[in-house]
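Please keep the sequence and the structure in view while reading.

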Amino acid sequence: MKILLLGSSGLVGNSLLKELKKSKKNSVILSPSSKNLNLIDFDKTKNYLNKVKPDHVYLAAAKVGGIYANEKYQGEFIYENLMISTNVIHASYLANVKKLLFLGSSCIYPKKTKQPIKENYLLTGSLEPTNSAYAVSKIAGIKMCEAYRNQFNKDFRSVMPTNIYGKNDNFDNLDSHVLPALINKIHQAKIENRDFVEVWGTGKPKRDFMYSDDLARACVKIMNISKMKYNKLCHKNYNFINIGSGKEISIRDLANKICKVIGYDGKLKFNTSMKDGTYRKLLDNTKLAKLNFKEKFSLDEGIKMTYVDFLKKNEKKI
């Protein structure tokens, strides 16, 4: 079998590459970088897939960021992610790819919706404004996979991950997601002996976090099941599967956990002029549970491993 992994240099893609190498030892795994394959260029994407003829495609490539980046770079986020999804899915169809897995995001769901969030809550309300551009691009990818399943009988699948973190994460204070940003901020506060660390927002919103290696295992598990089993789990009008931990934690409590791991004794100062985003995003894991999937890493374990990776990257030791 020949497997094509797109986005292998990112957080999720890096974990997927490790999992595929471990669980698909008899397969050829291709993982071109963005420098070698520009997925925004349709002709280059089509020609590459026609040349290598993969059996399976994992589409983890995307332009991603936290609440600040999503709001500031809306045009870039919607354009680049739409182009990547459209080009890869259509090129996979033309190259007669047997299976494709599209990775979306929990931000596709309405800002105000019932908790935990079931797959059929998609498009039942308005999106969170700060990341609506990114969300629309991901919804388009889901719907494109559904359309190709329905019209062309292609086995194109979609998964909706929760908030993912782990090794190889982006720790930038402005452009990263909340957990790695907090690790960076709290680490800096400790080494500079600051009395407090600033946390954006009120600290009240709750999030569902999963370690990237666990997400990778779930993705491969979903790709391994038969088309019939996948179809039974899904529905033609919401043909995708949530992947989450089934647990949620407030940003305040998350920040306190990170303080304990890092050994920072200062105070948390919440900047309420910064936006909170969606108040709750706890995904319903009913479909995933039917596949007997269980996480390996708790949030405490995951934060510790992520912090170790952060230290290695920054060559700083406390």
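Not counting residues up to four places away in sequence, Ser-250 touches Gly-203, Lys-204, Pro-205 and Lys-206. Ser-250 itself belongs to strand E11, which covers residues 249-250. The model discussed here is a predicted one. Is Ser-250 buried or exposed? Ser-250 is buried, because its relative accessible area is 12% and the cut-off for burial is under 20%. The side chain of Ser-250 also reaches the backbone nitrogen of Asp-253, at 3.0 Å.

## Two further serines

Ser-176 is located in the loop that lies between strand E6 (163-165) and helix H6 (178-191). With a relative accessible area of 7%, Ser-176 is buried. A polar atom of its side chain lies 2.3 Å from the backbone oxygen of Asp-172. Apart from residues up to four places away in sequence, Ser-176 touches Gly-66, Asn-170, Phe-171 and Ala-181.

Ser-273 lies in the loop between strand E12 (267-271) and helix H10 (286-289). Ser-273 is exposed, with a relative accessible area of 61%. The side chains of Ser-273 and Asn-271 are joined by a polar contact of 2.5 Å. Along the chain, Ser-273 and Gly-201 are 72 residues apart, and their C-alpha atoms are separated by 6.7 Å.

## The packing of helices H2 and H4

Two packed helices are described by the angle between their axes and the distance between the axes. Helix H2 (residues 42-52) and helix H4 (residues 74-94) pack at an angle of about 35°, and their axes are 9 Å apart. The crossing of H2 and H4 is right-handed. Which residues of H2 and H4 meet? From H2 come Phe-42, Thr-45, Lys-46, Leu-49 and Asn-50, and from H4 come Asn-87, Val-88, His-90, Ala-91, Ser-92 and Leu-94. Sorted by class, the contact of H2 with H4 has five nonpolar, five polar and one charged residues.

In soluble globular proteins, nonpolar side chains tend to be buried together. In this model, the largest nonpolar core has 32 residues, and Leu-6 and Tyr-109 are those with the most contacts inside it. Several elements give two or more residues to this core: strand E1 (2-6), H2, strand E3 (56-59), H4, strand E4 (99-103), helix H5 (132-152) and strand E5 (155-161). Which element supplies the largest share of this core? The largest share, five residues, comes from H5.

Tyr-109 may be examined in detail. Leaving aside neighbours within four places in sequence, Tyr-109 is in contact with Ile-117, Lys-118, Glu-119, Tyr-121, Leu-122, Leu-127, Met-160, Phe-240, Asn-242 and Leu-283. There is also a second, separate core of 30 residues, which includes Leu-103, Ile-164, Val-220 and Met-223.

## An asparagine in helix H1

Asn-14 is placed in helix H1 (residues 11-23). Asn-14 counts as partly exposed, at 25% relative accessibility. Its contacts, leaving aside neighbours within four places in sequence, are with Gly-7, Ser-8 and Asn-168. Asn-14 and Ala-147 are 133 residues apart in sequence, and 29 Å apart in space from C-alpha to C-alpha.

## Details of the backbone

Some features concern the backbone within loops. A cis peptide bond joins Gln-115 and Pro-116, with omega of about -10°. Pro-116 has its place in the loop between E4 and H5. Leu-123 is also in the loop between E4 and H5. Phi of Leu-123 is near 65°, a positive value in a residue other than glycine. Lys-53, which is not a glycine, has a positive phi of about 50°. Lys-53 is found in the loop between H2 and E3.

How exposed are these residues, and the others treated above? The table lists the relative accessible area of several residues.

| Residue | Relative accessible area | Class |
|---|---|---|
| Ser-176 | 7% | buried |
| Ser-250 | 12% | buried |
| Asn-14 | 25% | partly exposed |
| Lys-53 | 45% | partly exposed |
| Leu-123 | 54% | exposed |
| Ser-273 | 61% | exposed |

Leu-123 counts as exposed because its relative accessibility is 54% and the class begins over 50%. Lys-53, at 45%, is therefore partly exposed.

Note on methods:
Residues are numbered from 1 along each chain as its sequence is written. This is a predicted model: local features need pLDDT of at least 70, side-chain atom pairs count only at pLDDT 80 or more; totals for chains, interfaces and linings use all residues. Side-chain values use heavy atoms; hydrogens and water are left out. Helices (H or I, at least four residues) and strands (E, at least two) are DSSP runs, numbered from the N terminus. Buried means under 20% relative accessible area, exposed over 50%, partly exposed in between (1.4 Å probe, protein chains only). A polar contact is a pair of N or O atoms within 3.5 Å; within protein, one must be able to donate a hydrogen and the other to accept it, and residues adjacent in sequence count only if both atoms are side-chain atoms. Contact means heavy atoms within 4.5 Å. Axes are lines fitted to C-alpha atoms, for helices over the stretch in contact, and angles run from 0 to 180 degrees between N-to-C directions. A crossing is left-handed if the near helix is turned anticlockwise from the far one by less than a right angle, and right-handed if clockwise. Ala, Val, Leu, Ile, Met, Phe, Trp, Tyr, Cys and Pro count as nonpolar, Asp, Glu, Lys and Arg as charged, and the others, Gly among them, as polar. A nonpolar core is a set of buried Ala, Val, Leu, Ile, Met, Phe, Trp, Tyr and Cys residues joined through side-chain atoms within 4.5 Å.
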